[in-house]
Amino acid sequence: MVDWEEINRTEDEDKLREVKLWLFQENVRLQNERRELDDLNRRITQEQKRLKEENLFFDKKLAILQDGFRKLDEDRQALERQKRELVRERTGHLQNYARGGGESVLEETVRTLFRGTNNPLALRKRYRDLVKIFHPDNLFGDEELVQLINREYIRRKKEE
């Protein structure tokens, strides 16, 4: 620590210059440290702002993903409902057909699928295409529909 009273009493100019130089250097050092602290505070503030913005962006992305998953779940449930309704409807048509209620919707569909086949070559091509599409080994194949396609093909082949 500097004894200021002693310095005031001293009339030695060298001592005074030395103290002035020390004070100047100390003042410069303190100003530099203050600038460094200000820079550091500014960088910390910028980093905090950036982190806050990133958190907001992350929250928005999370909300979008959650909304997407919610919509996917709704779509899945709607698809399941439609599937159950189609199974019920098909079962009703099959039961109606089994009771002798006339042609089933599937038979009408098969007749429609073969519409416009006027010659044996077109009939055979249409038959092959339909079997490829509806074969039970395919993902959406249907054994009953293929049987009806076979019956219709044989019936039309005999008519020619």
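Helices (H or I, at least four residues) and strands (E, at least two) were taken as DSSP runs, numbered from the N terminus. On this basis the protein contains 5 helices and 0 strands, and its order along the sequence reads α-α-α-α-α. The structure is a predicted model, in which local features need pLDDT of at least 70 and side-chain atom pairs count only at pLDDT 80 or more, whereas totals for chains, interfaces and linings use all residues. Residues are numbered from 1 along each chain as its sequence is written, and side-chain values use heavy atoms, with hydrogens and water left out.

Accessible areas were computed by the Shrake-Rupley method with a 1.4 Å probe; for residues, only the protein chains shown count as cover. The accessible surface of the protein amounts to about 14000 Å², and carbon and sulfur atoms account for 54% of that surface. Residues were classed as buried under 20% relative accessible area, exposed over 50%, and partly exposed in between (1.4 Å probe, protein chains only). Of the 160 residues in the protein, 12% are buried. Contacts were defined by heavy atoms within 4.5 Å. Among contacts between residues at least 6 apart in sequence, 43% join residues at least 24 apart.

Helix H2 spans residues 13-98 and includes Phe 24. Phe 24 has a relative accessible area of 53% and is therefore exposed. Together with Leu 21 and Val 28, Phe 24 forms a nonpolar patch on the surface, with about 280 Å² of accessible area in total. Such patches are made of residues with over 30% relative accessible area and no salt bridge; like charges are joined within 9 Å, and nonpolar side chains (Val, Leu, Ile, Met, Phe, Trp, Tyr) within 5 Å.

A salt bridge was assigned where a side-chain nitrogen of Lys or Arg lies within 4 Å of a carboxyl oxygen of Asp or Glu. The whole structure holds 15 salt bridges by this criterion. One of them links Asp 67 to Lys 71, with the closest N and O atoms 3.4 Å apart. These two residues are 4 positions apart in helix H2, so about one helical turn separates Asp 67 from Lys 71. In general, an α-helix has 3.6 residues a turn, so residues three or four places apart point the same way. Both partners are partly exposed: Asp 67 has a relative accessible area of 29%, and Lys 71 one of 43%.

Helix H3 comprises residues 105-113, and Leu 106, Glu 107 and Val 110 are buried within this helix. Viewed down the axis of H3, the buried residues fall within an arc of 100°, so they line one face of the helix. The arc is that of the directions from the helix axis to the C-beta atoms.

Glu 152 belongs to helix H5 and is buried, at 6% relative accessibility. Beyond its neighbours within four places in sequence, Glu 152 is in contact with Val 110, Arg 111 and Phe 114. Glu 152 also forms a salt bridge with Arg 155, the closest N and O atoms lying 2.6 Å apart. The side chains of this pair are likewise joined by a polar contact of 2.6 Å. A polar contact is a pair of N or O atoms within 3.5 Å; within protein, one must be able to donate a hydrogen and the other to accept it, and residues adjacent in sequence count only if both atoms are side-chain atoms. Glu 152 and Arg 155 are 3 residues apart in helix H5, about one turn of the helix. Arg 155 is partly exposed, at 30% relative accessibility.

Arg 156 likewise lies in helix H5, which covers residues 143-159, and is buried, with a relative accessible area of 18%. Residues up to four places away in sequence aside, Arg 156 touches Arg 111, Phe 114, Arg 115, Thr 117 and Leu 123. The side chain of Arg 156 reaches the backbone oxygen of Phe 114 at 3.4 Å. Thr 117 lies 39 residues from Arg 156 along the chain, and their C-alpha atoms are separated by 9.3 Å. Arg 156 and Glu 152 meet through their side chains in a salt bridge (2.8 Å, N to O). Arg 156 and Glu 152 are 4 residues apart in helix H5, and therefore about one helical turn separates them. Salt bridges with shared partners join Arg 111, Glu 152, Arg 155, Arg 156 and Glu 159 into one network.
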